[in-house]
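Colleague: Before we discuss details, could you put the model up, so that we can go through it together by question and answer?

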Amino acid sequence: MKSFKIGLLAVVFGTSIAANAQGDIHHSMFYTTPTMLNPATAGAFNADMRAFTNYRTQWGSITPNQFRTITASFDAPIRPKSTGASHFGAGLNFYNDKAGDGQVTTNNFQLTGSYVLEVDKEAFLSFGAGLGLIQRSIAFVDLYWDNQWNGETFDQSVYSGEAGFTDKFQAFDVSAGMFYYADFGGGLKFEAGASISHFNRPNVTFLGKSDPLLMKVNIHSNATIPVPDSKIDILPGVLVMFQGPNRLINVGTDIKYLVKRKSERLSFNDEVSISLGTYFRFQDAAYFTTRFNYGPFSLGGAFDLTLSELSTYNSNMGGLEFFLQYVVTLGQSGGVSMFR
């Protein structure tokens with residue numbers, strides 16, 4: 001177990017210092033963090049403002065210092081009456097991530113902006129950009145090094161012999177994306193988008209030398225497909241992420257039961273529904289989702305069942321994730337709702 005924990009720590013530490021191991025955070029319920037996934041989604045909805053928060057923890061069965069991510073975001077459309085249905089959007093994202101025995105901590109602040117263009121009745125195409133600040137630190141006092149092994153245990157009073165490290169740094173980050181969404185009537189909706197993060201290749205290393213962060217490409221799509229003559233909607237979704245040698249593919253669907261459909265005539269969201277879903281993250285995990293919508297509030301969670309070789313060590317117990325969303329409608333708003 002000791003050797004495995006040291007190996008796991010090396011992986012975590014390597015995500016900050018080795019180009020071929022770089023990888024950003026991700027959520028199983030990727031559709032609950034739209035502006036973090038793609039800045040072009042900022043303000044691309046038909047209410048007046050919305051706020052999200054997510055909490056994710058994983059690998060607690062492997063290390064007492066389990067990996068933990070907290071995210072929060074807020075965005076709103078800006079719709080001067082003189083511009084018609086096309087409008088601007090703006091938002092703010094934040095996440096705090098702590099990883100492993102070294103408590104590698106990342107704080108990320110991001111401002112997002114978009115322009116949402118009406119291309120057809122109930123169909124919109126948006127373009128957006130994000131400007132962020134990455135802050136990262138590591139607790140070297142919590143790390144063990146090979147020359148501190150005395151034959152029985154690691155003795156931290158022994159000088160590690162390691163030098164040239166910095167325990168924290170910060171860097172600016174730039175992203176951009178595009179997003180399309182449409183309401184075809186009768187409850188049928190579709191959305192798709194693509195974004196590129198780390199355009200400027202910010203330097204992310206504790207070694208005090210150059211180690212540019214790899215650019216990341218996100219391709220994502222969701223839909224709402226109503227089952228005729230029923231209170232059931234099918235909500236398929238897919239996310240594909242590329243970041244250097246890393247590949248992440250999520251695909252699956254939620255099934256939503258509508259206790260009460262959202263009013264088509266009222267300006268506020270009074271939907272009451274519950275959904276259950278199953279997704280696969282290829283070569284990694286299967287995960288199960290649940291969500292409850294009550295008017296402007298939505299809450300839910302996901303559980304990851306590890307299917308990769310890591311399951312030998314964590315007994316298939318992967319990540320646990322929770323989210324809360326609140327959507328505010330102050331008056332009649334234009335646009336198309338893409339709420340799941």
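Colleague: How many helices and strands does the protein have?
Modeller: This is a predicted model, and its secondary structure is assigned on that basis. Counted over the protein, there are 14 strands, and the helices number three.

Colleague: Is strand 8 largely enclosed or largely open, and why?
Modeller: Strand 8 covers residues 216-226, eleven residues in total, and eight of these are buried. Because of that count, the rest of the structure leaves strand 8 largely enclosed.

Colleague: Which residue of strand 8 is the bridge partner of K189?
Modeller: Strand 7, residues 188-197, pairs with strand 8 in the antiparallel sense, and the pairing runs over nine bridges. K189 has its bridge partner in strand 8, and that partner is T224.

Colleague: Which residue in strand 9 stands opposite N218?
Modeller: Strand 8 also pairs with strand 9, residues 232-243, in the antiparallel sense and over nine bridges. Opposite N218, the residue in strand 9 is M241.

Colleague: Which residue takes a positive phi in the hairpin of strand 8 and strand 9?
Modeller: Five residues lie between the two strands of this hairpin. The positive phi, near 55°, belongs to D229.

Note on methods
Residues are numbered from 1 along each chain as its sequence is written. This is a predicted model: local features need pLDDT of at least 70, side-chain atom pairs count only at pLDDT 80 or more; totals for chains, interfaces and linings use all residues. Side-chain values use heavy atoms; hydrogens and water are left out. Buried means under 20% relative accessible area, exposed over 50%, partly exposed in between (1.4 Å probe, protein chains only). Helices (H or I, at least four residues) and strands (E, at least two) are DSSP runs, numbered from the N terminus. Two strands pair if DSSP finds at least two bridges between them.
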